[in-house]
Amino acid sequence: MTNISNLSLLTMILFVMIPVSLSYLYSLGIGKSAIWSSLRGVVQLFLIGYILTFLFSIPDWQGIGLWVAVMLVIASFQASRRGQGIPHAFLLSLSSLILIEVFVLTLWIVFDIIPFRSEQVIPMSGMIIGNSMVAAGLAFERMKNEFHSNQGKVLAALSLGANASQASQMIIRKTIRAAMIPNVDRLKTIGLVQLPGMMTGLILGGASPIEAIRYQIVISISVFSTVSICAMIISLVTYRFFFNQNMQLQTIEGGND
């Protein structure tokens, strides 16, 4: 595998300057944000590189436990921002992500898919937690939008004698479906439109294409399953917060930043 020099990395500035220049040319107003985001991304990646080097040098259970805990907390905080206004959004996100991580990691270890080693568990867990974080955030946001836009239908169902669960079924189905569709489409075209990230990284690292494909299959199916499970958990718990104790629909306000 070819080592990329610092000088070569500096040439990436040319790629950043293209969208920045277009931003100023067409007055898009994102030039400063693009530059800041690029610099921040580079610094974060180098920082994570040094952190992972340290984590890989300590006992596996310590490295895995420490960094997976950090990822879970950060991911839960980020997902809960989409659920601003929903009670206990952070705790719900954290509980869902912990459950999913424990479930997937247990299957990987029990069925001898990967060894319990930091250099394998941490990156693969990051993919699971990251995708589940996105699913949780989208589920929160979608629930709020659906209850807002379908308020009349929910009220009509309640007036006809439906309980909160029955009145929310359409919204729950839409939320879960919205979380699953991107992953279904991604599985349909995997390897045909683009080579997935894990597979590409393993091939660049010297692994055989077949071995890389095996790992990619594991992570792709795991991500598909965990994203679906996460959306289901969030949806099946969150809808209850849109009703008060008297089974009356209540509005939940909150930003989605």
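Helix H4 passes helix H5 in a right-handed crossing, a term used when the near helix is turned clockwise from the far one by less than a right angle, with anticlockwise counting as left-handed. H4 covers residues 60-82 and H5 residues 89-110, and their axes come within 8 Å and cross at roughly 135 degrees. Axes here are lines fitted to C-alpha atoms, for helices over the stretch in contact, and angles run from 0 to 180 degrees between N-to-C directions. H4 and H5 are therefore oblique to each other; angles under 35 degrees count as roughly parallel, over 145 as roughly antiparallel, 65 to 115 as roughly perpendicular and the rest as oblique. On the H4 side, the residues that meet H5 include Val 68, Leu 72, Val 73 and Phe 77, where contact means heavy atoms within 4.5 Å. Among their partners in H5 are Phe 90, Leu 94, Leu 97 and Glu 101. By class, this contact divides into 11 nonpolar, three polar and one charged residue. Ala, Val, Leu, Ile, Met, Phe, Trp, Tyr, Cys and Pro count as nonpolar, Asp, Glu, Lys and Arg as charged, and the others, Gly among them, as polar.

The model is predicted: local features need pLDDT of at least 70 and side-chain atom pairs count only at pLDDT 80 or more, while totals for chains, interfaces and linings use all residues. Residues are numbered from 1 along each chain as its sequence is written, and side-chain values use heavy atoms, with hydrogens and water left out.

The chain has 10 helices and zero strands. Helices (H or I, at least four residues) and strands (E, at least two) are DSSP runs, numbered from the N terminus. The C-alpha atoms fill a box of roughly 70 × 55 × 35 Å, taken along the principal axes.

The contact includes Met 198, Met 199 and Leu 202 of H9 and Ile 213, Tyr 215 and Ile 219 of H10; by class it has nine nonpolar, two polar and no charged residues.

The axes of H6 and H10 come within 8 Å and cross at roughly 35 degrees, and this crossing is also right-handed. Among the residues in contact are Met 124, Ala 135 and Phe 140 of H6, and Tyr 215, Val 223 and Ile 234 of H10. The contact of H6 with H10 has 15 nonpolar, seven polar and no charged residues.

Next come the pockets. Rolling a probe the size of a water molecule over the atoms shows where empty space is left. On a 1 Å grid over the protein atoms alone, a pocket is an open set of points with protein on both sides within 12 Å along at least five of seven lines, whereas a cavity is a set where a 1.4 Å probe fits but cannot get out; lining residues have an atom within 4 Å of a point. Grid points are joined across faces, edges and corners, and a volume is the space filled by probe spheres set on the points.

The largest pocket has a volume of about 410 Å³. Of its 13 lining residues, the closest to the centre are Leu 9, Met 12, Ile 13, Leu 39 and Val 42. H3 gives the largest share of this lining, six residues. The lining has 11 nonpolar, two polar and no charged residues.

The second largest pocket has a volume of about 330 Å³. Arg 186, Ile 190, Pro 196, Gln 216 and Ser 220 are the closest to its centre among 17 lining residues. Its largest share, five residues, comes from H10.
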